[in-house]
Amino acid sequence: MKRKIQNNLSQKYSRGIIAIHWITALLILALFPLGKYMSSLEPSEKMGLLKIHAIFGAVVFFLTLLRSYFFFKSKRPNDLKTGSKFNDKLAVLIHNLFYFLLIGIALAGFAVMVLGGYVDALKSGNLDLILSNTELASLKAHGLLATIMMILLVLHVVGVMKHYLLTKENTLKRIL
Ligand code: HEM
């Protein structure tokens, strides 16, 4: 049976939140494959890409902090109703987890830069200061959190599509 439309889609997120949402989404879609690609390279081959990765990652970090501030300070549209209490809760859980995961990924990334010897290598130009990837717990945490986040990202997109198919509500309107 087709579910009834139950959300007011004229309620929108603020312009700032919308801009942060899409800039962050694009940066994450670039950062994940870039990170995976870099891990297969030798230090001499990856320093240029590493700088780009670290700068884009730092931008995501600061945008996420800003977005967390807006979360509490600016008015937000009501949470979406899907017709299933479980799905409603899952959507809110995934949205909130993104904040924690992005901050965790970035902090682990900063730790890799320092503990893995990347900062020293960049300062001195001596690539021998970079530790082997297998020795770095912070890199394992960084990669694991990033993978969990990508799985949630897929669920997030599936949620939008499922919502559209079940109720014909284009929930993207709230974030465009
Ligand atoms: C916030 C979004 C970010 C995402 C989605 C992301 C994703 C990734 C992924 C998937 C890897 C490969 C991990 C593996 O080996 O399995 C990686 C590696 C790495 N990332 Fe990030 N990252 C982000 C932010 C950052 C930040 C903020 C920094 C530091 C400022 C950073 C520094 C690094 C470093 C140093 C590596 C290791 C590269 C290597 O030597 O192989 N990342 N990242």
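Author: One definition to begin with: a residue is buried if 20 or more other C-beta atoms lie within 10 Å of its own, exposed if 12 or fewer, and partly exposed in between, with C-beta atoms placed from the backbone. This is a predicted model, in which local features need pLDDT of at least 70 and side-chain atom pairs count only at pLDDT 80 or more, while totals for chains, interfaces and linings use all residues. Residues are numbered from 1 along each chain as its sequence is written.

Reader: Why does W22 count as exposed?
Author: Because W22 has 12 C-beta neighbours inside 10 Å, it falls in the exposed class.

Reader: And where does W22 lie?
Author: W22 is part of helix α1, residues 15–38. Helices here are DSSP runs of H or I with at least four residues, and strands are runs of E with at least two, numbered from the N terminus.

Reader: How many helices and strands does the protein chain have?
Author: The protein chain has five helices and zero strands. Buried residues account for 14% of its 176 residues.

Reader: Turning to the ligand, which residues come nearest?
Author: G35, S39, G57, G109 and G143 come nearest, out of 27 residues around the ligand. A residue counts as near if its C-beta atom, placed from the backbone, lies within 6 Å of the molecule.

Reader: Which elements give two or more residues to that shell?
Author: Those elements are α1, α2 (43–73), α3 (85–115) and α5 (137–167).
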